Amino acid sequence: MKQTRIFDIEVSRNCNLSCAFCPREAMGKHGFMEPATFENFLKNAGLQSDDIVIFCGLGESLLNKSFPGYLARLRELQPRIAIQLVTNGTLLKSQTVTPLLDSRINCIMVSFNGVDAPTYETLMKGARFADTIANLDYTLEEIRKRENSRTRLMVTFILAKENLHEEEKINEFWKSKGIGTSPQYMHNRGGFVDMETMSPPESNEPPGRPCTYFEEYHFIAWNGDVMFCCHDIQHKYLLGNINKDSMRVIQSRKKRFIKENKWPDICQTCPAPGLPNPGN
């Protein structure tokens with residue numbers, strides 16, 4: 001059975017927020033993906049109609065002025081491919097929402113932590129609760145205006161030990177607004193994030209077990225680096241660079257890692273493999 005490939009494309013490592021759960025201070029260089037690098041991704045990835053492209057990474061994609069062109073180019077090349085965006089929602093205005101909907105994007109996923117202003121503005125430093133709520137309301141209205149639109153607007157939020165009991169309340173808050181939810185578990189991001197108020201739930205499996213995401217997820221950083229994992233924020237374990245390496249070469253390197261079963265140090269304390277992923 002053919003495995004669906006998921007490409008996580010970082011068109012921006014810059015961000016307009018300083019979220020408490022983001023390891024931004026530990027990251028190396030920041031920047032935007034240049035058009036030439038995106039074209040090399042299209043050239044070397046060998047995209048197929050059943051692949052999934054997620055614009056996420058470790059920054060805010062909507063800050064990249066070239067992003068609307070990337071969406072249009074991708075849709076031109078693969079009209080039926082699934083396209084998703086993960087955004088903090090603060091830039092969902094008419095000038096950004098229109099190109100998203102014009103590209104027939106499949107899903108706009110907004111990272112939104114907290115259902116009240118004090119919690120939200122503490123965790124997502126630099127954002128205002130009322131403003132981002134207004135942006136989501138506007139985006140949902142624009143989606144509904146478009147006849148036969150297949151774009152979904154969803155919210156993703158972090159579940160930690162400390163707020164597991166609030167999951168139902170959070171889901172109901174967004175359901176009342178007509179917006180779906182996709183909770184994610186708190187992650188230590190390769191050991192770079194340590195918060196007293198947000199800690200990973202207990203894993204069902206011991207850390208260091210073979211990763212369940214490694215083979216199908218391909219994380220491509222803003223400079224073209226194909227990273228071992230999205231949590232390798234300092235680019236210590238590279239599989240190649242999309243500016244020069246084809247996905248055939250990169251996937252062969254991945255298969256060698258899987259066969260040898262020798263995982264990097266960042267995998268030894270990772271809580272992700274043993275946790276169910278409610279976002280899938």
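Select Lys177 and Asp137 to begin: their side chains form a salt bridge with an N to O distance of 3.1 Å, where a salt bridge is a side-chain nitrogen of Lys or Arg within 4 Å of a carboxyl oxygen of Asp or Glu. Lys177 belongs to the loop between helix H6 (167-175) and strand E9 (180-181), and Asp137 to helix H5 (residues 129-145), so the pair ties together parts that are 40 residues apart in sequence. Helices (H or I, at least four residues) and strands (E, at least two) are DSSP runs, numbered from the N terminus. Both ends are partly exposed, Lys177 with a relative accessible area of 25% and Asp137 with 34%. Buried means under 20% relative accessible area, exposed over 50%, and partly exposed in between (1.4 Å probe, protein chains only).

The model is predicted: local features need pLDDT of at least 70 and side-chain atom pairs count only at pLDDT 80 or more, while totals for chains, interfaces and linings use all residues. Residues are numbered from 1 along each chain as its sequence is written, and side-chain values use heavy atoms, with hydrogens and water left out.

Next, select Arg73 and Glu76. Their side chains meet in a salt bridge of 3.5 Å, N to O. The two residues are three apart in helix H2 (residues 67-77), which means that about one helical turn separates them. Glu76 is exposed, at 57% relative accessible area, whereas Arg73 is partly exposed, at 29%.

Move to Arg253 and Asp245, whose salt bridge spans 3.7 Å, N to O. Here Arg253 is partly exposed, with a relative accessible area of 26%, but Asp245 is buried, with 12%. The whole structure contains nine salt bridges.

Now turn to the interior. A nonpolar core is a set of buried Ala, Val, Leu, Ile, Met, Phe, Trp, Tyr and Cys residues joined through side-chain atoms within 4.5 Å. In the largest one, of 61 residues, Phe41 and Phe55 have the most contacts. H5 gives the most to this core, with five residues. Select Phe41: leaving aside neighbours within four places in sequence, Phe41 is in contact (heavy atoms within 4.5 Å) with Phe7, Ile9, Leu47, Val53, Ile220 and Ile242. A second, separate core of seven residues includes Met27, Leu58, Phe219 and Met227.

Finally, colour by pLDDT, the predictor's confidence in each residue, from 0 to 100. The protein averages 87, and 87% of the residues score at least 70. Select residues 273-280, where the pLDDT is below 50; beyond near neighbours in sequence, this stretch has 25 contacts in the model. Where pLDDT is low, predicted coordinates should not be read in detail.
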